[in-house]
Amino acid sequence: MKRNVLWIFLLAGAIIAAPLAPVALAQDKGSIYIPLLVYRTGPYAPSGIPNANGFNDYFNLINERDGGINGVKIVFEECEMQYDTKQGVECYERLKGKAVVVNPFSTGITYQLIPKAPVDKIVMHSMGYGMTAAADGRWFAWVFNFPMTYWSQASAFIKYVGAQEGGMDKLKGKKIVHVYHNSPYGREANPTLEVLARQLGFELTLLAVDHPGQEQKSTWLQIRRINPDWIYLSGWGVMNQVAVKEAAAIGYKMDHLVGNWWSGSESDVVAAGDGAKGFRSMTFHAAGPGFKVHQEIVKYLYDKGKGAQKKEAIGEVYHNRGMINAMLNTEAIRTAMAKYGNKPLTGEQVRWGFENLNLTEQRLEQIGMKGMMQPLRVTCENHESNGKAAVQQWDGKKWTLVSDWIEPMREVVRPNLEVAAVEEAKKLGYTMRDCSKE
Amino acid sequence: MVGVFYAVLVAPFKDMAGSPAFLVEVLIGGLFAGLMYSLVALGFVLIFKASGVFNFAQGVMVLFAALTLVGLMERGVPVVIALVLTMGVMVVLAFAIERIVLRPLVNQEHIILFMATIGLTFFLEGFGEMVWGANVKKLDVGIPDRSFIVRGVQINELELTAALTAAILVTVLAVFFQRTRIGRALRAVADDHEAALSLGIPLKTIWVIVWSVAGIVAIVAGIMWGAKSGVQFSLSLIALKSLPVLILGGFTSVPGAIVGGLIIGVGEKLAEVYWGPLVGGAIENWFAYVMALAFLLFRPQGLFGERIIERV
Amino acid sequence: MIYREAGQFKTTYASDQAIFPIVQDRVVVLLAILAVFLVPPLAANEYWLQAVLIPFLIYSLAATGLNLLTGYAGQLSLGTGGFMAVGAYSAFKLTTAFPQINIIGVFLISGLIAAGVGLLFGIPSLRIKGFYLAVATLASQFFLIWLFNKVPWFVNYASSGTITAPDRAVFGVLVTGPNSTAPMRYLMALGFVAVFALIAKNLVRGRIGRSWMAIRDRDIAAEIIGVNPLRTKLLAFGISSFYCGIAGAEFVFLYLGSAETLAFDINVSFLVLFMVIIGGLGSILGSFLGAAFIVLVPIFLTNAPHLIGLPLPVALLKQIELMVFGALIIFFLIVEPHGLARLWQITKEKLRLWPFPH
């Protein structure tokens, strides 16, 4: 008993002392530091693992092949947050010391960190997730969500459906169901879909699925009864796998089931097996390992044993997405360096880089991502950029693009976005910037 | 006001009567879902019955069992051998739990044991993920998964198989408890540890047996649920959905787990399909608990649970 | 030798009934309180304050509330997350609708609202007991979270579905909102915890606490001797929810800054229950020790490999962390099933005699 008590005291002492030494990686003088919030464990790990590997691969490629961004090495460090808000905040607070940009992942963590961005002078890049309203850069100078937001994605989905049906006028009277995760993330697409339903005359049914979405029988029974023409799926984690399986089980025509870009990856079709063939999803980039950048990472990393994962996993949807995310960060920093010089930059300078990012077709070709992504341009007012979406389809073995690049209905989305931005900014006490003066 | 009354009390029933085939589908869907919950609840009941421990780790045991099975199959072990090996793993786990967790805490209050199973949950979560990885894995033990239509009602083979398995499992367990010597010993231990000890019933062996059987039930539950969603972390969250089944059926009753499951499953689905749209949907989760709560108010020990006799 | 109690006589009943009857105890505690108010705001860095101390204080308050209900009154409840959510959302609605009310007042009123909700959901406890009650309180947890998800009025119709803490000041100093500083928020949390922990301690030493403990130990016997079970149990639920409601409001206003309903889901309920059990049921100090354990151990486990210089991949690290956490819980339960508070009590008793063995 006495020995136990002694151990307990030692342990208690160690535990109390631990947070006294929050450790960030040793910094050498000429480098840029980017902390990576990853979720390699926990309920969303199947998506988090390839995503984190994509980041690792691209940053390592830049360091190995080019010696860094214009000679300035990228120092990055992973912090496991399990997609949990509390742990994400803890990771951020521990690693924010020298960081210039953070990709928060998880809508919850993004909302936590948005108010801190201007105070800590760190750029928040919430690529295709997070607070849609932050796309109005006049209010949210430090938050970027290019290449597209959820609202634009929903409008792109409707445009795709219209194209498939033979014209937007053919949408009148059609039945569209939105199966969504019962959380702010899942509900993001609803306002846009409702507006478009009124405008275009299609019948919209909204079906919420309770977290975590392991059991969806009642949802899909209702869908069987409604027998919709198209289903839009805004799920996450296990909800996606079960949704795809249930859709296959009720015999729904899978090529009319379209997931949003967080509901269409290799892990989402695993459970349904062959039944998932034909399942489609929105995306803003191509999947597959057939692009020049993949050859580069094989040549410079995987052949030397420095790859982040198994070779077969190169080109998976989330792996490509992680690489693109890393690429956008890199190019933004490069843009900033063009103005401020090839040295380790501050948060302010990197922010300027993000806001003036102009990713052209030629640049994409130089990077080796021609055809994998569309060119985009970020402006002060538009932190969403003019990115485009596309639709990909699962054929049982891989995801391939089955549509052209779709321009979202900006004239529908932008006015509502601006209203929402005013609301959200008011809560944080922001003032509007005047972009013409910058 | 009348509109609300109508919408809540009349319209859903008219809806049900209007499309009876659909109503049958909802009922069958509910029954099957309920049986799936019962599979998990059975594990809880077994352990509570024999040792008075509310095993919070049951959900993680389901996940761990499924992970082990799939992990072995992925490495090329044929299905049947993988099943046997997994059962072996669960037995070893039972031994370990009894030795490391239960024996040192033998006479403690129930809530302490409950907390210990929580520690076990964290441990198994980390361990399972560390050994087998965090990816979604497809579980394919050869159960057919087609849907066919019978008189306008769609029935899914996988769910039918799950229902049959649950029925067989319950029957086997019921026979086990009622007819065999070990079953009687289990019931004696559940009644009173010390009295059973004084009769010479080996407590430790009984506990290992019970946790092993619960582990095997976890394998079955893991297979059924894993086939539906792929084997991944969220499997451990099913335990939360089967808690209402437990309280409705009673913590100590095997048939109660089944009956409770059926009632919860049907009630849940009916509520979600017919009343859910009125309030925007996704009411399943809390409705199951409210239903169980309502039952409890009339029978505080659950439908089939042991009557709680209190002495001053 | 340290605890020379010789010569400390009590001449009044009041002094005999003091919380800390031994002078050494009193001095140490006063010094500790002073240190806790002065040192961290001045010396600690933002990580330490923001990610460790503030959540610790908030969870301590919630754990104290749950300890009153589960540890002292014996009603096992898993609805803590839901009640915290009620506190958070009512504080948000109140302060956005009536910005002129002082934020302290807002917290107190939202605590009262949470207490009301807690009273309502505590009614089943009159009929249901033990683990059944725990599962029944889950009904309140899931229902409340569903309600806040579903009704947009609670988030002031924001499209993001989240509530954000606005800038509010106390005596001219910003204590909540994006422009407030971590030391100020820490002091605010500390102030609330200090006051309410004292209140809780006195509650449990008095008539109400004794009636709770009577219900916990033998509720039928308690009823026979005149303790009204209805009033006692509902009072326990009400007061406990009051504490949890304020903790919930603090959770959003002082710690996270903005939150969606996922921040109050079932995991929070379980977490607070773990804190109470590990810390010690039926002990106010236990709530603090348990909260410290649950908040600090994961952070320690995440940082430890860095400190030793062991470069493990983050996923493996997290998995080992989970395993060690689980193992630690089991270890502590085996060593001292009555929680860390009991360990502390034994230590103090030994200290009183040291260096003598008995």
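## Chain C and its partners

In this predicted model, 34 residues of chain C are in contact with 39 residues of chain B, where contact asks that C-beta atoms, placed from the backbone, lie within 7 Å. Local features here need pLDDT of at least 70 and side-chain atom pairs count only at pLDDT 80 or more, while totals for chains, interfaces and linings use all residues. Residues are numbered from 1 along each chain as its sequence is written, with chains lettered from A and ligands numbered from 1 in the order in which they are written.

**Chain C against chain B**

- Helix 6, helix 9 (219-224), helix 11 (266-279) and helix 13 of chain C each supply at least two residues to this side; helices (H or I, at least four residues) and strands (E, at least two) are DSSP runs, numbered from the N terminus.
- Helix 13 of chain C has the largest share, 12 residues.
- By class, the side of chain C that touches chain B has 28 nonpolar, two polar and four charged residues. (Ala, Val, Leu, Ile, Met, Phe, Trp, Tyr, Cys and Pro count as nonpolar, Asp, Glu, Lys and Arg as charged, and the others, Gly among them, as polar.)

- Helix 10 (residues 238-249) of chain B packs on helix 6 (residues 130-150) of chain C at about 130 degrees, with the axes 10 Å apart; axes are lines fitted to C-alpha atoms over the stretch in contact, and angles run from 0 to 180 degrees between N-to-C directions.
- The two helices are therefore oblique to each other (under 35 degrees is roughly parallel, over 145 roughly antiparallel, 65 to 115 roughly perpendicular, and the rest oblique).
- B:Leu243, B:Leu246 and B:Ile247 meet C:Tyr132, C:Val135, C:Ala136 and C:Leu138 in this contact.

**Chain C against chain A**

- Here 38 residues come from chain C and 39 residues from chain A.
- Helix 12 of chain C gives the most to its side, with eight residues.
- The residues on the chain C side divide into 21 nonpolar, 13 polar and four charged.

**Inside chain A**

- An open, mixed sheet of seven strands runs in the order 7-6-8-9-10-13-14, two strands being paired if DSSP finds at least two bridges between them.
- Strand 7 (203-209) and strand 14 (399-401) of chain A stand at the edges with a single partner strand each, so one side of each has no neighbour in the sheet.
- Chain A has a mean pLDDT of 88, and 93% of its residues reach 70 or more; pLDDT is the predictor's confidence in each residue, from 0 to 100.

Key. Contact = placed C-beta atoms within 7 Å.
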